[in-house]
Amino acid sequence: MGERTSVIRKGKVKMKDFQLRNDTKLMFRNDPVQELCKIVKNKKVLFVYGSGSVKKNGCYDDVKNAIEQSGATLIEAGNSSRERTDIERNIQTAKDNKNELIIGAGGASIMDCAKLTAFGYYHTGDLWDYVKGKKNPYGLEKLALVLMPTYPSSGSENGLGAVAADSENDDFGTAYGIPADYAILTPKYSMTLNEEMTAYTALVTLVQLSASTIGDKNPVSYDCGIAVIRNVLKAAQKLKENPEDQDARGVILYGAAISTSGRLGIGKEENYSYDIYELEFIPEVLFGAAYRKSLTTIFPRFLEVISQYHKEDICKFIKDAFGYEGNIAETSSKIVELFETLGVDMQFKGNVDEEKIRSIDIETSLKENEVISVIKKCTR
């Protein structure tokens, strides 16, 4: 690329209107027990978690100790997920036990399950209408909610979205407007993740930050997004060398929470960068890929394709975030190589079934053949 010439705009230049929200009290705590004691004191608590990793990383013991020390009552909802059947089961458990507060600890699936359990306690009959976007849940009654990410990346603890799946009917959706009351970020909980999973925490966080930052015309929030992205990338590189670096893990936790906070992208005039969340669903269906792999693998190829329509935005972003300049195909390949050096596989294995891709219900500004080309570029 050649140098861009700056254009001096004369007359009135207005900043785009925006509103910052503060629904969730975000707390960074190396030892969260004392804080939990204050929150759960004398309450009936439903503890939502997944397959049991919370018992390996210390989160379970911290929650249990806080419950015991504060005179609260604990009801467990293990083996939870964002499946509709699990959410409905947890809602009924909460009602049967007259729970007053929900704690959700885990990755995105568990935190979303906890959100929908807290909200569904008061909106059981029409919960799926909120998941499918037919109704807006923001500001409506829910149980008190604490979220504790043990797999940092999704930012669900500090965002409004809650994804649910109904696998029996091949359906899914996102209820957008359910905030946690408290989000507690504790770096030690991610210490039990292996090298690959640790790399994914950083890279998924980086991609989500990027989706918020690309195309942002507000110089303050854009520069903030770039700064967080660059620091998350540095943290990933530090953890590659020293997995025990809890400070680096804390940077990733913070980055994940900021990615969904509403404090980035406040000057966006178009939301095309969020199309990546639609495209990432395709490898989940085609190859059974996890969200973390799907989103990370698609990212560089998505940038290359979307640059056909937003070349200036994408070139600026890649230069600012990664320091790469030049041909988009070349810079995209450099990002692929960078991610691979950090310890993740940037290819899917399987056959690209074009007819099946066409049958997947997604909303994107990209053309059908462009979507297929993104998936093909990602598949060996």
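The following dialogue explains how to read several features of this predicted model.

Me: Which conventions apply to this model and its numbering?
Reply: This is a predicted model in which local features need pLDDT of at least 70, side-chain atom pairs count only at pLDDT 80 or more, and totals for chains, interfaces and linings use all residues. Residues are numbered from 1 along each chain as its sequence is written, and side-chain values use heavy atoms, with hydrogens and water left out.

Me: How is a nonpolar core read, and which residues of the largest nonpolar core touch the most other members?
Reply: In soluble globular proteins, nonpolar side chains tend to be buried together. A nonpolar core is a set of buried Ala, Val, Leu, Ile, Met, Phe, Trp, Tyr and Cys residues joined through side-chain atoms within 4.5 Å; buried means under 20% relative accessible area, exposed over 50% and partly exposed in between, with a 1.4 Å probe and protein chains only. The largest core here has 66 residues, and Ile298, Phe299, Phe317, Phe322 and Phe339 touch the most other members. Helix 7 gives the most to this core, with ten residues. Another core lies apart from it and has 27 residues, among them Phe119, Ala164, Ile178 and Ala180. Helices (H or I, at least four residues) and strands (E, at least two) are DSSP runs numbered from the N terminus.

Me: Where does Phe299 lie, and with which residues is it in contact?
Reply: Phe299 is placed in helix 12 (residues 291-306) and is buried, with a relative accessible area of 2%. Contact means heavy atoms within 4.5 Å. Neighbours within four places in sequence aside, Phe299 is in contact with Leu206, Val207, Ser210, Ile276, Phe317, Phe322, Ile335 and Phe339. With the same exclusion, the contacts of Ile298 are Ile276, Leu279, Glu280, Pro283, Phe348, Val374, Ile375 and Cys378.

Me: Which residues of helix 16 are buried, and against which helices do they pack?
Reply: An α-helix has 3.6 residues a turn, so residues three or four places apart point the same way. In helix 16 (residues 368-377), the buried residues are Glu370, Val371, Ile372, Val374 and Ile375. These buried residues pack against helix 10 (276-279), helix 11 (281-287), helix 12 and helix 15 (354-359).

Me: How is the packing of two helices described, and at what angle do helix 7 and helix 9 cross?
Reply: Two packed helices are described by the angle between their axes and the distance between the axes. Axes are lines fitted to C-alpha atoms, for helices over the stretch in contact, and angles run from 0 to 180 degrees between N-to-C directions. The axes of helix 7 (residues 195-213) and helix 9 (residues 246-259) cross at roughly 35° and come within 9 Å. The crossing is left-handed; that term applies if the near helix is turned anticlockwise from the far one by less than a right angle, and right-handed if clockwise. By class, this contact has five nonpolar, seven polar and one charged residues. Here Ala, Val, Leu, Ile, Met, Phe, Trp, Tyr, Cys and Pro count as nonpolar, Asp, Glu, Lys and Arg as charged, and the others, Gly among them, as polar.

Me: Which residues meet where helix 13 packs with helix 14?
Reply: Helix 13 and helix 14 (residues 328-341) pack at about 35°, with axes 11 Å apart, and the crossing is left-handed. From helix 13, Ile314, Cys315, Ile318 and Phe322 meet Ile328, Thr331, Ile335, Leu338 and Phe339 of helix 14. The residues of this contact divide into eight nonpolar, one polar and no charged.

Me: Is Asp62 buried or exposed, and which polar contacts does its side chain make?
Reply: A polar contact is a pair of N or O atoms within 3.5 Å; within protein, one must be able to donate a hydrogen and the other to accept it, and residues adjacent in sequence count only if both atoms are side-chain atoms. Asp62 lies in helix 3 (residues 59-70) and counts as buried at 8% relative accessibility. Its side chain makes polar contacts with the side chains of Lys188 (3.3 Å) and Tyr189 (2.7 Å).
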